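The sequence and the structure are shown first.

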Amino acid sequence: MAVEALDALRPMPGGSYADGTIGGGGHAEKILDASSPTGWLFGCDRDGAAVEAAEKRLERFVGRFEIRRANFSEMAGWIPAGSCDGVILDLGVSSPQLDLAGRGFSFQSEGPLDMRMDGGQSLKAADLVNNSSAEELARIFWEFGGERESRRFARAIVHDRSRTKFETTTQLAGLIERISPRGGKKTHPATKIFQALRIAVNDEIGSLKSGLEAAFRILKPGGRLAVITFHSLEDRVVKEFGREKSRDYTFSGDVDVPELRQPRTPEMKWVTRKAITPGEAELKENPRSRSAQLRVLEKI
């Protein structure tokens, strides 16, 4: 999706851009290349290791970027309002995070039940698993993972933790697989549970809602916002944000009653009404991109 996202942003020489999820610096490097020789990039990431990797990768562009260890929801606090020609948000967990067992994001190998994108944060996945009530765990599994067996899994966790606290990824994944055997299915039964815990630990939906508003504030008129999502919950948030910003009317209260609508000038417009998805070549090269969706908005 990197090529499509950059095409949508249209980086130009001398432009100013923001990468709110800089990761290892892949998108940032291409933006700085395309905006040479004087283009500028603001970048941030919650993950300290990602910030270090990005700074190293972008060394040849020294003097043309500023990278901070921060949540993209905070961008408007340090990036000047109306200063950016484009903003990119590549959501979800990165491959380096998944591949490092010590980060606790994956059930493929044993690691601590952690899942923090920001290692300085106190709340870990183990805290939720070991201390939340069965009702709260079920809510997390259903709301953030869409897990149909949320209540059953939550009860099983509460039962088992009364004897032994959950400390590792394989310990939790093993419990889920034991009570819901894989039976030849491609997807591991713990997939949605791990997704839900990761989203809850990192407040990803709250950060996304705040981050979209922050991106809007730092964009110039005509500037574009490109967002890559990896699951339906994220995508719904982006679509709702786009619908609200692109409406030519407003209404009071929680219910849109046509008779009570008040006209207004839209603040953004869709560049792509339909989500852009990976092509066959990208799927072969990067199977993890199979669920990616790119949506693009332009500030009016």
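## Basis of the description

A residue is called buried when its relative accessible area is under 20%, exposed when it is over 50%, and partly exposed in between. The structure is a predicted model, and residues are numbered from 1 along the chain as its sequence is written.

The structure holds 24 salt bridges. One of them pairs Asp160 with Arg178, whose closest N and O atoms are 3.0 Å apart. The two residues are 18 positions apart and link distant parts of the chain, with Asp160 in helix 7 (residues 150-161) and Arg178 in helix 8 (residues 169-179).

The two partners fall into opposite classes of accessibility. Arg178 has a relative accessible area of 54%, and because the cut-off for exposed is over 50%, Arg178 counts as exposed. Asp160, with a relative accessible area of 15%, is buried.

## Further salt bridges

Arg198 and Glu204 also form a salt bridge through their side chains, at 2.8 Å from N to O. Arg198 is buried, at 10% relative accessible area, and Glu204 is buried as well, at 8%.

A salt bridge is likewise formed by the side chains of Glu244 and Arg264, with an N to O distance of 3.5 Å. Glu244 belongs to helix 11 (residues 232-246), whereas Arg264 lies in the loop between strand 7 (262-263) and strand 8 (268-270); the pair therefore ties together parts that are 20 residues apart in sequence. Glu244 is partly exposed, with a relative accessible area of 26%, and Arg264 is also partly exposed, at 22%.

## Packing of helix 6 against helix 7

Helix 7, which holds Asp160, packs with helix 6 (residues 134-145) at an angle of about 135°, and the two axes are 8 Å apart. At this angle, helix 6 is oblique to helix 7. The crossing of the two helices is right-handed.

On the side of helix 6, the contact involves Ala134, Leu137, Ala138, Phe141 and Trp142. Their counterparts in helix 7 are Ser150, Arg151, Phe153, Ala154, Ile157, Val158 and Arg161. By class, this contact comprises nine nonpolar residues, one polar residue and two charged residues.

## Packing of helix 8 against helix 9

Helix 8, the location of Arg178, packs with helix 9 at an angle of about 135°, with the axes 10 Å apart. Helix 8 is accordingly oblique to helix 9.

Thr169, Leu172, Ala173 and Ile176 of helix 8 meet Ile193, Phe194 and Leu197 of helix 9. The residues of this contact divide into six nonpolar, one polar and no charged.

## Asn202 and its surroundings

Asn202 is located in the loop between helix 9 (191-201) and helix 10 (204-218). With a relative accessibility of 1%, Asn202 counts as buried. Leaving aside residues up to four places away in sequence, Asn202 touches Arg46, Phe105, Met115, Arg116, Met117, Asp118, Gln121 and Ser207.

Met115, one of the residues in contact with Asn202, lies in the loop between helix 4 (95-99) and helix 5 (125-131). The phi angle of Met115 is near 70°, which is a positive value in a residue other than glycine. Met115 counts as buried, at 0% relative accessibility.

Which other residue has a positive phi although it is not a glycine? Arg10 does, with phi of about 55°. Arg10 is partly exposed, with a relative accessible area of 39%.

A cis peptide bond runs from Ser36 to Pro37, with omega near 10°. Pro37 is found in the loop between helix 2 (26-34) and strand 2 (40-45).

Notes. Predicted model: local features only at pLDDT ≥ 70, side-chain atom pairs only at ≥ 80, totals over all residues. Heavy atoms only, no water. Salt bridge = Lys/Arg side-chain N within 4 Å of Asp/Glu carboxyl O. Helix = DSSP H or I, 4+ residues; strand = E, 2+ residues; numbered from the N terminus. Buried < 20%, exposed > 50% of the residue type's maximum accessible area, 1.4 Å probe, protein only. Contact = heavy atoms within 4.5 Å. Axes fitted to C-alpha atoms, helices over the stretch in contact; angles between N-to-C directions. Parallel < 35°, antiparallel > 145°, perpendicular 65-115°, else oblique. Left-handed = near helix turned anticlockwise from the far one by under 90°. Nonpolar A, V, L, I, M, F, W, Y, C, P; charged D, E, K, R; others polar.
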